[in-house]
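Visitor: I would like to learn how to read the backbone and surface features of a model. Please take me through them one at a time.

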Amino acid sequence: MLARFFNKASIKQLVLSNIVSIIFIALSLIGMMLSELNSVYIFNELINRISRNSFLVLSLLIPILAGLGLNFGLVIGAMAGQLSIIAVTYWQVDGILGFLLCIVLALPISILFGYLTGRLFNATKGQEMIAGLIVSFFANGLYQFLLLVMVGTAIPMKNSVMIKPDGIGLRNTIALNGVNGDGGIKYALDGIFRLNLFYFIIILAVLLIIYSLYNLKRIKKDRIVKKSKETYIVYVVSSIVLIVISILILLGDNMYKNLKIPLITWIVISVLCLFNKLIMRTKIGQNFRTVGHSQHIAKVAGINVNRTRIQAVIISTVLASWGQIIFLQNIGTMNTYGSHMQVAMFSIAAILIGGASVTNAKISHAITGVVLFHMIFIVSPTAGKALFGDAQIGEFFRAFVVYGVIGVSLGLHAWKKYKLGKM
């Protein structure tokens with residue numbers, strides 16, 4: 001049965017289509033061995049990074065499917081999220097209420113920013129990625145002007161620890177844990193409830209078994225193709241293996257059983273995955289796919305191409321603003337003038353490492369990319385020190401990974417377009 005399952009998809013094709021992910025899996029394993037870091041520490045760090053970065057990476061999916069490519073304008077959405085955080089921190093609204101207020105405030109700001117960015121992308125069709133990169137620099141200039149010059153002059157913010165000593169402009173760093181260090185929005189979402197990682201795995205595995213058995217019953221009744229049956233059998237077997245491993249870890253004497261996940265944050269990420277899945281089944285989702293496949297065909301089909309593209313950018317910008325709020329509540333401090341700058345680069349690098357391309361992306365690409373990208377981030381400094389005697393080498397490797405992966409992906413995209421143009 002397994003032989004038939006694997007024969008249907010060529011192993012060679014599988015390797016070629018996932019070559020970037022395979023390379024980074026190998027690099028992660030090598031880095032783990034060289035760094036000699038405690039595996040519990042690595043997994044704990046990985047859980048934190050998955051929690052705070054996944055939402056941002058998932059916000060890239062819709063623009064890619066709508067033919068806008070890699071949305072470097074993600075930075076603008078992050079700015080919208082940070083502006084809402086600044087307001088809520090100034091008003092001293094703490095906890096989950098403050099977090100929800102950030103979400104509400106960021107919504108109209110990010111919709112406006114997304115609409116303007118979408119209009120720009122419509123005026124620069126075919127060059128959206130370059131336009132997104134440039135407009136993010138332009139928007140950053142306006143953002144800095146607002147917070148360095150206008151705050152304290154045109155925008156009064158009196159008697160606040162957020163203001164610089166001269167009374168004009170915000171400080172470089174803003175703590176998100178409140179005035180007394182015990183409030184703010186720090187861990188507002190992450191701290192609601194933490195669940196043991198292996199209880200979480202067991203629950204997911206049980207749900208997957210129920211889902212698979214239900215579909216197997218449907219296959220038997222409706223006589224659907226056999227491939228689906230084999231797939232669901234693999235799901236059931238894999239789930240049982242995961243349950244057994246999780247129970248053994250929980251019953252054993254080890255540090256792994258102390259690993260916990262911020263359950264509510266992971267549920268929010270899961271809801272976004274579900275949203276991305278369901279929206280593509282709606283009329284607007286089909287419009288995204290049609291426009292992404294061919295703008296000419298979309299026009300012939302009666303789709304308003306420009307409006308559809310703007311809708312895709314608005315959704316991405318709103319999600320990016322919320323993702324930045326989730327990111328910063330996990331960090332607990334905000335670099336006022338720098339926290340947003342690397343958001344797009346890191347998110348884009350992550351989704352490309354997961355196997356996405358400029359024209360195609362899936363939820364699995366985003367999640368896989370977050371895991372592999374941040375595994376490299378965790379182990380590279382200590383691996384660099386162990387290999388070359390200097391941790392800074394690992395830091396250079398991080399930068400190389402980010403820009404190298406994006407550069408190679410864009411190069412491959414240009415090469416494919418060139419080849420298709422000659423055919």
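**Two loop residues and the overall picture**

Guide: Y187 lies in the loop between β1 (173-175) and β2 (194-196). Helices (H or I, at least four residues) and strands (E, at least two) are DSSP runs, numbered from the N terminus. This is a predicted model, in which local features need pLDDT of at least 70, side-chain atom pairs count only at pLDDT 80 or more, and totals for chains, interfaces and linings use all residues. Residues are numbered from 1 along each chain as its sequence is written, and side-chain values use heavy atoms, leaving out hydrogens and water.

Visitor: What is the phi of Y187?

Guide: About 55°, a positive value, although Y187 is not a glycine.

Visitor: Is Y187 buried, partly exposed or exposed?

Guide: Buried means under 20% relative accessible area, exposed over 50%, and partly exposed in between (1.4 Å probe, protein chains only). Y187 has 39% relative accessibility, so Y187 counts as partly exposed.

Visitor: Where is Q92, and what is its phi?

Guide: Q92 sits in the loop between α6 (74-91) and α7 (95-123). Its phi is positive, near 60°, and Q92 is a residue other than glycine. Q92 has a relative accessible area of 54% and is therefore exposed.

Visitor: How many helices and strands does the protein have?

Guide: There are 17 helices and four strands. Of the 423 residues in the protein, 45% are buried.

Visitor: What share of the contacts joins residues 24 or more positions apart?

Guide: A contact means heavy atoms within 4.5 Å. Among contacts with a separation of 6 or more, 76% are between residues 24 or more positions apart.
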